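Please look over the chain below with its charged side chains in mind.

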Amino acid sequence: MVEKEATEEVCKLIKEHFPSKMPPNCESVVAALWDQIKAHCPKREESTVVIPSLEEIEKLVCKLASSEMVEKEATEEVCKLIKEHFPSVKVQPDCETAVDTLWDAIKARCPKREESTVAFPRPEEIEKLVCQLASSEMVEKEAT
């Protein structure tokens, strides 16, 4: 499914931005590139995407919840969506205060940590994720 959607999107972008360079068999060319990417990935016995554990999900949620930048942006976005989709709802005392209170409740459930910044994934982690996705039998089955 991911491979098929990505292939279609890449071909669409090529057609849109580089129409004179659009190969007549774009999907085949991109599929071959996908196979080349998979060939660079380490071979694994299990080729399914691993669902994160509850501990990993909690760790990620807590990392995000402890980021002041994420909190500020999320609060603004949530309040914007509430005002846009539910204009008749009046949040007391105001939306930002209510969302901040909920955000604080989420942070309170997280284990105390010294580091409170969101860490970007390392290149090895990105490679592992891309390879898991590219070599997933489910993705292959959906794409064919």
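Predicted model: local features only at pLDDT ≥ 70, side-chain atom pairs only at ≥ 80, totals over all residues.

Residues are numbered from 1 along each chain as its sequence is written, and side-chain values use heavy atoms, with hydrogens and water left out.

Helix α2 spans residues 26–39; helices are DSSP runs (H or I, at least four residues) numbered from the N terminus. Cys26, Val30, Trp34 and Lys38 of α2 are buried, where buried means under 20% relative accessible area, exposed over 50% and partly exposed in between (1.4 Å probe, protein chains only). These buried residues fall within an arc of 115° seen down the axis of α2, so they line one face of the helix. The arc is taken over the directions from the helix axis to the C-beta atoms.

The structure holds 6 salt bridges, each a side-chain nitrogen of Lys or Arg within 4 Å of a carboxyl oxygen of Asp or Glu. Three of them are listed here.

| Pair | Closest N to O |
|---|---|
| Asp35 and Lys38 | 3.7 Å |
| Asp104 and Lys107 | 3.7 Å |

Asp35 and Lys38 are 3 residues apart in α2, about one helical turn. Asp35 is partly exposed at 41%, whereas Lys38 is buried at 16%.

In helix α4 (residues 68–85), Glu76 and Lys72 lie 4 residues apart. Lys72 is exposed at 53%, and Glu76 is partly exposed at 43%.

Asp104 and Lys107 both belong to helix α5 (residues 95–108). Salt bridges with shared partners join these two and Glu71 into one network.

How values were computed. Helix = DSSP H or I, 4+ residues; strand = E, 2+ residues; numbered from the N terminus. Expected span 1.5 Å × (residues − 1).
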